[in-house]
Structures are given as C-alpha cells and as structure tokens.
Amino acid sequence: SMFFQSASTCSGPRLKHILLSWIPVLGWLPRYSFRENAIGDLISGCSVGIMHLPQGMAYALLASLRPVFGLYTSLYPVLVYFIFGTSRHISIGTFAVISIMIGSVTERLAPDSNFIVNGTNGTEIVNLDERDAYRVQIACSLTVLAGIFQILLGVVRFGFVVTYLSEPLVRGYTTGSACHVCVSQLKYLFGVAPSRFTGPLSLIYTLVDLCKLLPQTKLPELVVSLVALSVLIVVKEVNACYRQKLPLPIPIELIVVTATIITHFCGLTDKYYIDVVGEIPSGLKAPRAPDATLFSKVLGDAFAVAIVGYAINISLGKTFALKHGYKVDSNQELVALGLSNTVGGFFQCYSVTSSLSRSLVQESTGGKTQVAGLISSIIVLITVLKIGSLFEDLPKAVLSTIVFVNLKGMFKQFMDVPSLWKTNKVDLLVWLVTFTSTILLNLDLGLAVSIGFSMLTVIFRTQLPHYSILGNVPGTDLYLDTEKYKEAKEIPGIKIFRSSTTIYYTNAEMYLEVLQEKVCMCFCVCRLKKQQAKQKRKKVSEETNGQRQGNGVAANGLSKGRVNWAYQPDTTISESDSDTGCHGDDSITQVSHHSDEEKGKASGSGTHSIILDISTTSFVDSVTVKTLKNIFRDFGEVDLEIYLAGSCVVEQLETAGFFSESIPKSRLFVTVHDAVLHILNKLGQKDFMLVSQAFMNDCSLHS
C-alpha cells in the first residue's frame, strides 16, 4: 500500500514535468512578463513579419511553387513552433537551402515535359495549373514525411544524430547550396528559360545553357533586377553600418516589393512582358491529407531535408541560447520542428527551418521570447487574408534579387577556407569535399557523400593514432611524451606506453606491433647479442651439431612469415641467423639481469615493467580484451611485468572476463603515477637519477 501511495504522489508532479517538457509553452507563457518583454517582442515580431512576406514569396520560387505557398509556409509552422519550440530567438519559416532541396525534388518528379498540351495552331504549351498543383502535392508529401522522421527521431531521443554533421560539413554544404540557389535564380534576372537538367553535373549544364541563352536576355527584366539589386545592397549595408543607431532596420525588402505599384500603374507587365508573380488567392485553404503514394518516391529526399533542416535549426538555436544564457533541448527541438513540418504539410506548406537573417533581426530588435514569432505570423495572416492580391504584379526578378542579397551570409563562409587551412587541415578537407560534392553531385547525393567522407576521416584518425613512450617531468606527477617534451625523462626499467585514441578492433593489431617495437632493445644491443650468438655457435661441440641444425631450420622457417620475435623461446633467438632475431627475449631477460655497469652501456636494456596507459580508451570490444590478454601472457613469459593505468573501462573489462588469477586486479591502477610508485616500492628502489626529489618523497610516503 505504501508503494502505491508513493507512486500516486509522484505521478502528479511527474505528469506535469512530462507535459511541460513536451509542450514548453505551458511552462513559460503563464510566467510571461508583459512589462519586460511585450514591447521588445512586438517590435521584433513586426520586423520579422515584414521580412517574412518578401522572403516567403521569393523562397517559394526556389521550391518551384507559386509565391502564395511561401506565405502559407511563413504562417502555420511558426504557430506550431510557438507552442512546442524551446529557442526564444530563432525565426522559423522559409530558408534558401531547404527551399532549393524541395525545388530539386518537385522539378525532378513534375517536369514541364509531363504537362505539355496542344495549344492553338498546333503549338505545344505547358499546363501550368496542373503542373503547379502536382508540385504542391509533392512538396507537401515530402514535408510531412520529413516531419514524421524528425518526430520519430525526437521521441526516441536521437537528437544527437546531428552531431555526425560537423560544423565544417554543414557550412560547406550550405555554401554549395547557395551556389545552387544562385544558378536557379539567374533565369529570372535575365528573363530566359534554360532547359531543366537532373542528376550529377546538372549545375554545370544549367550554367552552360544559361550562357548560350544570354543573347536572348530581356532587357526590361535585367534593368528591373539591377535596380532592385542595387537598392537592396546599398540599404542593407546602411542597416549593417548603423545598426546601433537605428531603432529598427530599414525594411528595404518590403519597400522594394511594394514598388510593384509602379509596375502595375505604368503597365510594364503588358508593355514589356515582364514575368510577374500572378494570382495570389485571398483567404486560407482547408487542410488536406498528403498523397501517401508519393512517399516511396521522396523517401531519401525527405530524410535529407529532415537532417539538414534540424542541423541548421539546432546550430542557430544553441548559438543564441549560449549568448543569452538559457538552454535549448535538442530532442524537443527535433519534435517541434517535426510537428511544424507535419502540421504545415497538411496546410499546403513546404519544409521549414530557422533563417539566420530573420533570427538576427528578431534578436537585434529586442525579441525576448517566442511571442515575437506569434506576432510575425499574425502579420503574415493579415497579408494572406486581405492584402495578398496587391503583390500579383510583383516581378519575379525582384523576388530573385531578394534571394541573392540574403545569400551574403552563406557566401561569407568561403572565408572558412583560409581559416581552416591555418587551424585544421582535416576539417578543411571535409569542407572542400562537401562543397565540391554538393556542387557536382547535387544536394541529395552530395550530402550522402559528404557524411560518408566525414565518417572516413574519423575512422582514419582512430586507425592511425599517435603512440608514445611517456616520461616523468621532474618535480611533478606528470607523464608526457618523451619525444615532444625534453623535460620528460624515462624512469629506468619502466616503459610507459600510451595510445592517443581508443583501442578497438581496427587498431588493436597496430597497437600490439608498436608496443613490441617501442619496448624492444635498441639496435646496438641486438647486434651485440647476434655477434655473441655467432661466436657461441663456433665453439659448440660436434655432438650438438644435429640439434643446432634443427633449431636453425625452425628459425629460418619462422623468419619467412611475420613473426613476433619478442615472444620466441630463448634457444630460437640465441641460435638463429636471422637479423630480426636480435629482438628476442634472450636480450630482454639477460640484459635486464645485467649489472648496473652493463645497463649503463646499453640504454633501455634493463626494462622490467611496462605500464599501458589506457586512460584514453573509452570502450573495449572483444578484440581489445584478447589483445590485452595476449600482451599479459606473452610479455609475462619473458619476465616483463605488465600494468594498466586508467579507470574508464574497468566495468567493461570485468564484464568481458578480463581479470583472472594470471591477471589480477592488482595490476590495474587509476593513474600512471600510482602504477610507477607501486613498481618502485615493490622493487625496493629508493633513488633514481632521472626521478626528482619530489617524486621520491611520494615514494617514501607510500612505502
């Protein structure tokens, strides 16, 4: 009864906690401070809402959809994120990279060639209404599927999946995507109609076709584009230079868009045949279920959109959270973005993520909470319901210039190249491979290749670790690489061996090989032992000739293969004629028992203990356990004591049955220093030239 009573008392608070974690608005909205936040959120929301209008229509063209669907996309998902999102400063809505990814799918599955009908005088024309309706179905199906992927990943707490997209990869991918965006908008600037290309190198083919069509450029559209582009660039630079003095940034995008009144009253559309936005229906459309039959055709694209959208969203969210001192829940962000996409897909929206330009405006104009997003969506709602028809004579060239100007931030990422060249060339290689594959192989295949290459760099780094022999820094308990730090001195008789990465099946064999190489006798000692072995054979009596030949045959047979000579019996090494035989245990065991005078002549020949520093190992597999067991067994046979230093994987070693009578737990120490003190105390040695007085004080304390 007590158990059920405690369970019932805990269920209320626990249920509240679960509810608040899944629906964050219930936690922060009741505590919303109107005095501190209302004015900032109102100004910020209006500023972002004004940006949503031109950007929504412009990015819809990137997705190969009619501009009104960009307005829908700036409305519904923003409302959903207001309820479920945890970032206070990011602006959810249309974004260039996601829009171009959607556009590549809609144009691939619904090309113009599929909707050609016979016109008057036997000419063939494209049924634009039917084509656009089908493209909306494709975009909505892809968006819903991407949202489902994001929700599922969020529910099973797979928010960490985005960590596989490193920052250089994301920045290289968005820069490559920006190039795709630019090329896709050139046709509106010049007023030409290039052919549609798909598959690898389609960007190159499109550019070539555009160059061929340049003589057919429509001058009125080019003039409109250049004028709009000039005005946008100048005013945006003014905004950037005087952002501290201006209470609000000049809404130049909206001003340029409203300049369509000039187009309407001057009759430029009819007189010069300028391509305009066209009909923008007023009012909202009823929700409609996506076409599930399209899911199989857009499966891979939906997953790519889900991952890229989330990567952009969480990186921006964490940036603002770090700056303003609050926490963003990565799994909840995945769920919030997934719900925004899924719900939006039912209301004829396409996939969304956060926009850097709008998010910066939302933050810089005083936005404090998600209420700013709610206000921006109200402005979009008013536009869709009442004043959308005013934008019907808006030239598409003007929208394309808005897209161009907003790509400035992504093109500035080219500065990553010289920066990474100085700091990390592997990351630079990831950036360049991602950018190149995105340009040449298109957005979907380019992303797959980029992730694959990024994973390979991680694998190669762990397969080719740095191995080092550690020495003690006098006066401290620090143990550093003797090759890199001159102050670090090896402790006589003790070899401390470290790998820079986790030991697992891909590098376990190399670990063993390098260990053998590092602890074997120096070449001069090996040569000396070889000469002694030859002299010994000359003095052997004729009675033992047969035995000697048999041993020689065995040694020669072994030397043909890849032999671990450090583990061979004494007789094989002492009587072998092989050059590699000098690394035998004969030299290890005999020299280790030589007098101090002989030890001084042959540096390192008196090794009696080896400490394996496994503090860098974060997990162990069966191959690692077998390798460590073999090291204990084989080195033990030649009277070399093996010790382990590091406590990260003790439980895993116990589970794997590593410890036994032959490998007791007494061989494991928390730190290298503890292992060294144990060895010195065990041998009863109190004085070393290479060990500092402080080090010896520690020894005397533990003795």
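Accessible areas here come from the Shrake-Rupley method with a 1.4 Å probe, and for residues only the protein chains shown count as cover. By that method the protein chain exposes about 34,300 Å², of which carbon and sulfur atoms supply 62%. The structure is a predicted model, in which local features need pLDDT of at least 70 and side-chain atom pairs count only at pLDDT 80 or more, while totals for chains, interfaces and linings use all residues. Residues are numbered from 1 along each chain as its sequence is written, and side-chain values use heavy atoms, with hydrogens and water left out.

**Overall make-up**

The protein chain has 31 helices and 10 strands; these are DSSP runs numbered from the N terminus, with helices being H or I of at least four residues and strands E of at least two. Of its 703 residues, 49% count as buried. Buried means under 20% relative accessible area, exposed over 50%, and partly exposed in between (1.4 Å probe, protein chains only). With a contact defined as heavy atoms within 4.5 Å, 77% of the contacts between residues at least 6 apart in sequence join residues at least 24 apart.

**Annotated spans**

An unreviewed UniProt entry places the annotation "transmembrane region" on residues 59-84, 138-160, 222-242, 254-274, 294-316 and 428-460. UniProt positions are given in the numbering used here, feature names are shortened, and annotations may be inferred rather than shown by experiment. In the model, residues 59-84 are 77% helix and 0% strand, and the end C-alpha atoms of this span lie 24 Å apart. Residues 222-242 are 95% helix and 0% strand, with 30 Å between the end C-alpha atoms.

**Salt bridges**

Side chains of opposite charge can pair when their charged atoms come close. A salt bridge is taken as a side-chain nitrogen of Lys or Arg within 4 Å of a carboxyl oxygen of Asp or Glu. A search of the whole structure finds 17 of them, including the pairs in this table.

| Pair | Closest N to O distance |
|---|---|
| D129 and R66 | 2.7 Å |
| D132 and R131 | 3.0 Å |

D129 counts as exposed because its relative accessibility is 52%, whereas R66, at 30%, is partly exposed. In the pair of D132 and R131, both partners are buried: D132 has a relative accessibility of 10% and R131 one of 14%. R66, D129, R131 and D132 also belong to a network of salt bridges that includes D112 and R135.

E654 lies in helix α29 (residues 650-655) and K665 in the loop between α29 and β10 (668-669), so the pair ties together parts that are 11 residues apart in sequence. E654 is partly exposed at 38% relative accessibility, as is K665 at 45%.

**Backbone phi**

Most residues other than glycine have a negative phi, and most peptide bonds are trans. R157, although not a glycine, has a positive phi of about 60°. R157 is found in the loop between α7 and α8 (167-190) and is partly exposed, at 43% relative accessibility. Q348 is likewise not a glycine and has a positive phi of about 60°. Q348 lies in the loop between α15 (330-346) and β4 (353-354) and is buried, with a relative accessible area of 10%.
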